[in-house]
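Here is a short briefing to read alongside the model. Have the sequence and the 3D view open, and let us walk through the fold together.

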Amino acid sequence: MRAFLASAVGVACMTALAVPFVLPDGDATATAHHASPDAARAAVAGSTMTLPLPPLARSAVRAVDAQRVKPFSLLGVTWNNASAEIHGTVQVRTRSVRTGVWSDWQDVEAHTDDTPDAGSPEESAPGVRGATAPLWVGDSDGVQVRVSPTPGRTRAAGPPLPVGLRLDMVDPGDGPDSGYDDSGYDSSDDGSSDYDGYDAHDPTDGVPGDSPADVADGTDANNDNDQTSEESDTGPAEPAVIPPASKEETVAETGRGPYIGARPRIITRSGWGADEKLRERKFVYTKSVKVVFVHHSATGNNYSCDESEAVVRSIYRYHVRSSHWRDIGYNFLVDKCGTIYEGRAGGVTKAVYGAHTLGFNSNSMGVAVLGTYSDEQPSDAAVRAVSQLAAWKLGLFGRNPEGTVTLLSGGSNKYRKGIRVRFKVISGHRDGFRTECPGDQLYDDLGAARRSAADLQGR
């Protein structure tokens, strides 16, 4: 998604008002100011709160006055029509649970760039909503919002603000006690005691699509945008962590090679605490992984690596509960410390159909680096993790990270539906969609990521 920009608009702190809000479960109570974060989490672990955004008197601005609410950590604005856009600005202030201090105003990226494909069952599902980028604000118990239309926009150009605007606030809750301790992790440790062979089968097993020749040489023999569904596996629970494996172990395990990267360490959905009851039960697969689209989450950089799992849980809940998607949109997520997280469910080795690059979700994989990288440089650890993940996953499907491939457009604001578009095998979101994503700084690092991934594959 396109980045939000931190704004330092000086506004006097308004008196906090205890105003009811709406929760999907019907809870409409307010919390006391300065409640303990742990105590508050126990009360509303894993929840989404909403507030309508009514117009201010004699103004086109939609707003929520400063008020106290139950603690939350991530917010965004959503609206009724998923195809509508906000032509204006979205600004928020929040109050810290720990200090009681209000933040400066911040701009939330108003445009929806990471979306399901147009016409897909996910995009046209009942209740699907348009949404801004989500913004991570940390433990907060107060909020103020204003949505201002673009000045001078004519009536002929259409309404500047969509119908049904509301503020969605997400409490990620506490992750499960996964039983693993990350504090002394050594990347040379294979972690075999925690690994039970999770999804270590042929990645095309049970997934229709590319012929063996197409997988082996990376050609573009079959590029139709077909997807298939499978019921969720009800077998044994997955491990919290898929440990790293050497290149030799990866070749032996997968039967792919010689051009494949070592399997990186991956925190699974179980490891980061995904509530599997939230998502759609069926898995949906595409034919292959021909392109890795790199994104930034546009959630801001004010998170610690200890908070990364909570950020991922929040994005998951925002995509499913606020936007009403079938699951989190990204296939994988990477934090600033280089930790890799499994995203959309369906198997880390499979070609899972995501919702990340409008028009090009088929035969691709979406990787989001947590943060906003329009002006801030991504960490070396994050870029290295993207390279490692791409070298491994692309190797499973016979792709050269420094190569190019053609995808059939499903329709975006950059390429009309039905035309074939040539992409670098590791591309940025902006290559398929008119957007700032993944931010100038991260986009500039993709060349180095391609070279590193190719080296890791042994090319």
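Of the 459 residues in the chain, 56% are buried, where buried means under 20% relative accessible area, exposed means over 50% and partly exposed lies in between (1.4 Å probe, protein chains only). This is a predicted model, in which local features need pLDDT of at least 70 and side-chain atom pairs count only at pLDDT 80 or more, while totals for chains, interfaces and linings use all residues. Residues are numbered from 1 along each chain as its sequence is written, and side-chain values use heavy atoms, with hydrogens and water left out.

**The chain as a whole**

- The chain holds eight helices and 19 strands; these are DSSP runs numbered from the N terminus, with helices being H or I of at least four residues and strands being E of at least two.
- Counting contacts (heavy atoms within 4.5 Å) between residues at least 6 apart in sequence, 80% join residues at least 24 apart.
- The accessible surface is about 18300 Å², and carbon and sulfur atoms account for 49% of that surface; the areas come from the Shrake-Rupley method with a 1.4 Å probe, and for residues only the protein chains shown count as cover.

**The seven-stranded sheet**

- Seven strands form an open sheet with mixed pairing, in the order S10-S11-S15-S14-S16-S13-S19; two strands pair if DSSP finds at least two bridges between them.
- Strand S10 (241-242) and S19 are at the edges with a single partner strand each, so one side of each has no neighbour in the sheet.
- Within this sheet, S13 and S16 (residues 364-369) are parallel and share six bridges, with Phe 293 standing opposite Gly 366 in S16.
- Helix H5 (residues 308-322) packs on the sheet and touches S11 (266-267), S14 (332-334) and S15 (340-342), its direction making about 35 degrees with that of S15; axes are lines fitted to C-alpha atoms, for helices over the stretch in contact, and angles run from 0 to 180 degrees between N-to-C directions.
- Helix H6 also packs on the sheet, touching S11, S13, S14, S15, S16 and S19, and its direction makes about 165 degrees with that of S16.

**Helix H6**

- H6 has 17 residues and spans 25 Å from its first C-alpha to its last, close to the 24 Å expected at 1.5 Å a residue; the expected span is 1.5 Å times one less than the number of residues.
- Most of H6 is covered, with 14 of its 17 residues buried.
- Just after H6 comes Gly 398, with a positive phi of about 70 degrees.

**Helix H8**

- H8 runs over residues 446-457, and its twelve residues reach 16 Å between the first and last C-alpha, close to the expected 16 Å.
- Which residues of H8 are buried? They are Leu 446, Ala 449, Arg 450, Ala 453, Ala 454 and Gln 457.
- These residues lie on the same side of H8 because they cover an arc of only 130 degrees around the axis, the arc being that of the directions from the helix axis to the C-beta atoms.
- Their cover includes helices H3 (247-254), H6 (380-396) and H7 (440-444), along with strands S13 (291-296), S18 (420-424) and S19 (426-428).
- Gly 458 follows H8 and has a positive phi near 85 degrees.

- S18 has Val 421 and Phe 423 on a covered face, and Arg 420, Arg 422 and Lys 424 on an uncovered one.
- In a regular strand the side chains alternate between the two faces of the sheet.
- S17 (residues 404-408) and S18 run antiparallel and are joined by five bridges; Thr 406 has Arg 422 in S18 as its bridge partner.

**Strand S4 and its partners**

- S4 (residues 88-96) is mostly covered, with seven of its nine residues buried.
- Nine bridges link S4 to the antiparallel S7 (residues 135-149), where Arg 146 is the bridge partner of Gln 91.
- S4 also runs antiparallel to S5 (residues 106-108), with three bridges, and Val 92 stands opposite Gln 106 in S5.

**Backbone details worth a look**

- The peptide bond joining Gly 257 and Pro 258 is cis, with omega about 5 degrees, and Pro 258 sits in the loop between H3 and S11.
- Another cis peptide bond runs from Cys 437 to Pro 438, with omega near 10 degrees; Pro 438 is in the loop between S19 and H7.
- Ala 298, in the loop between S13 and H5, has a positive phi of about 60 degrees although it is not a glycine, and is buried at a relative accessible area of 1%.
- His 324, in the loop between H5 and S14, is not a glycine either, yet has a positive phi of about 65 degrees; His 324 is partly exposed, with a relative accessible area of 34%.
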